[in-house]
Amino acid sequence: MPVSRNINELPKIATREGYGHTLVELGKEDENVVVLDADLAAATKTNMFMKAFPDRHINCGIAEANMAGIAAGLAASGKVPFMSTFAMFVAGRAYEQIRSSIGYPGLNVKIGATHAGISVGEDGATHQCNEDIALMRTIPGMMIINPSDDIEARAAVRAAYEYKGPVYMRFGRLAVPVFNDREDYKFELGKGIVLREGKDITIFATGLCVVESLYAADMLAADGIDAEVINIHTIKPIDEELVASSAARTKRVFTVEEHSVIGGLGAAVCETLSEKCPTKVTRIGMNDVFGESGPAAELLHKYGLDAEGIYHKIKDTLK
Amino acid sequence: MDRPELKKMAHEVRKGIITSIYSAKAGHPGGSLSAADLFTYLYFEELNVDPENPKMENRDRFVLSKGHTAPGLYAALAHRGFFPVEDLVTLRHTGSYLQGHPDMKCVPGVDMSTGSLGQGLSTAVGMALAAKMDKKDYRVYALCGDGEIQEGQIWEAAMFAGHRRLDNLVVIIDHNKLQIDGRVEDVCSPYPIDEKFKAFNFHTITIDGHNFDEIDAAFKEAKETKHMPTAIIANTIKGKGISFMEDAAEWHGKAPKEAEYLVAMEELKKAGEALCQ
């Protein structure tokens, strides 16, 4: 399979940029699209929408719980609200508002959560949300998308808009390689994408860990380990069929995510496989620890979530 | 509706509250009864709603932020014709659409699912904002408890509503002075309520929440108030209408037993007869 392009040669763009750009496109197409923010418009990139449609950008101030409620009220009145702040302050602080005022009534609110995971970097543990996927997965009817690059982020935002119901979108602060630039790239909600076919192991990855897993697979190939790499951009509902069928072929599964190993992609894959195709799974992610301050790349390396870390973890596990 | 008619309807709403909570063997009579006159005025006088078309686009919206007093809302909705009065006895029964707290997905006339205190007002603010953005003239009403306003989210919502000058929003505080654990002022005082809303750029009106003349005047004043939202602080008596439930925190959230139910219904019967004389 393709891969093997030098990671350093790919253009790098943060997924939050694609979110901001696509909001502007949607704003042009549908006057019912409104955007809410909680005093982080420059960071979440909703400032692009604010500039284009000042009357439809609602800054709620630093009050995330209220923002979630306002979004619910707007959705109940026919608007298509996209609400944004950092993952920690929306999935964490406003969890119950999302659950009871958005999830329970099944309102058409789109949550654009930026600055997820340890790649937030220097701000440290208070701002590095490694728990959001776990929290959002427990809300009935909540769709969860974690795009892996700019191209996928743009497609995800549009798909979230076209879907009727609550959606949680997870974006990063860090500029990451744009690798989904194939002619035949297609984003389908709930469908994983096989990026590299392999017969020895399957790596299910999500978010910025997808491209890192592709490079890890190259390194493994040099050692004679043929890894299948699958991009799981939609974590809920997860592509059960693809997860089970790939596991049935390779019989050894790894999951990789910039999130706690509890409750995220790894958990979703384990839950699927334990019912559909019992398979040994090793979860690679944040091992039930908080993050810390530091440059994003250094943190990803320290916590074993870059290509090298993923490679070593898989090699060590297979010994 | 003239005043005697409103009083009779409020009486029917109170019967609905007691009957449904007795049938459910659980529920919140105290705050439902304290707000019964408010529910009645809203649904029979104030709100532009159509039971034949509950989702009418330009309807006024009502959000029961103190969602646990659903029995009062349900009784008013049923008598207004949104669903059969006979269904009230299915309250809180497994499989019933009359959930313990209002569910907008399945109850005709319910504009927002509520129950977790503090959340409803924000959703009402969102609806009022949507009306402004769409240049529509519908109005939005939210009913909050005086204990509920201990929730910080209420003040986030008040700050936003005042900041945005949402004059199509009316917040009604059912000021019955009691919450589950006792007197509001003893548990954690949010007083003075009117001054707090004033500080967030609200117009405030304080009334007797059981006096239809005062309720009527307050809603008219709210409509005439421009460039700021209105908060109506309605002084009420928790458990109003049932002697042994009045001003008693223990009746916040429990159902009457059979003997208590019979006494309550007898009291309501006598009150009803008095209204008809």
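Welcome! Our first stop is the boundary between chain B and chain A, where one salt bridge crosses the interface. Bear in mind as you look around that this is a predicted model.

**Stop 1: the salt bridge.** Select D134(B) and K79(A), the two partners of a salt bridge. Zoom in on their side chains: the closest N and O atoms are 2.4 Å apart.

**Stop 2: the whole interface.** Now widen the selection. On one side you will find 24 residues of chain B, in contact with 26 residues of chain A. Ten residue pairs are in polar contact across this boundary, both members being at pLDDT 80 or more. How much area is buried between chain B and chain A? The value is about 1900 Å², and carbon and sulfur atoms give 57% of it. To see where chain B does much of its part, highlight Q119(B), M133(B) and E156(B): together they supply 26% of the area that chain B buries against chain A, more than any other three residues.

Stop 3: To find it, select N146(A), G172(A), G207(A), L208(A) and E258(A), which are the closest to its centre among the 15 residues that line it.

**Stop 4: the cavity lining.** Then colour chain A by domain. Domain 1 (9-177) and domain 2 (190-318) of chain A each contribute at least three residues to this lining.

Key: Residues are numbered from 1 along each chain as its sequence is written. Chains are lettered from A and ligands numbered from 1 in the order in which they are written. This is a predicted model: local features need pLDDT of at least 70, side-chain atom pairs count only at pLDDT 80 or more; totals for chains, interfaces and linings use all residues. Side-chain values use heavy atoms; hydrogens and water are left out. On a 1 Å grid over the protein atoms alone, a cavity is a set of points where a 1.4 Å probe fits but cannot get out, and a pocket is an open set with protein on both sides within 12 Å along at least five of seven lines; lining residues have an atom within 4 Å of a point. Domain bounds come from an automatic or database domain assignment. Contact means heavy atoms within 4.5 Å. Buried area is the accessible area (1.4 Å probe) that two parts lose on being put together, summed over both. A salt bridge is a side-chain nitrogen of Lys or Arg within 4 Å of a carboxyl oxygen of Asp or Glu. A polar contact is a pair of N or O atoms within 3.5 Å; within protein, one must be able to donate a hydrogen and the other to accept it, and residues adjacent in sequence count only if both atoms are side-chain atoms.
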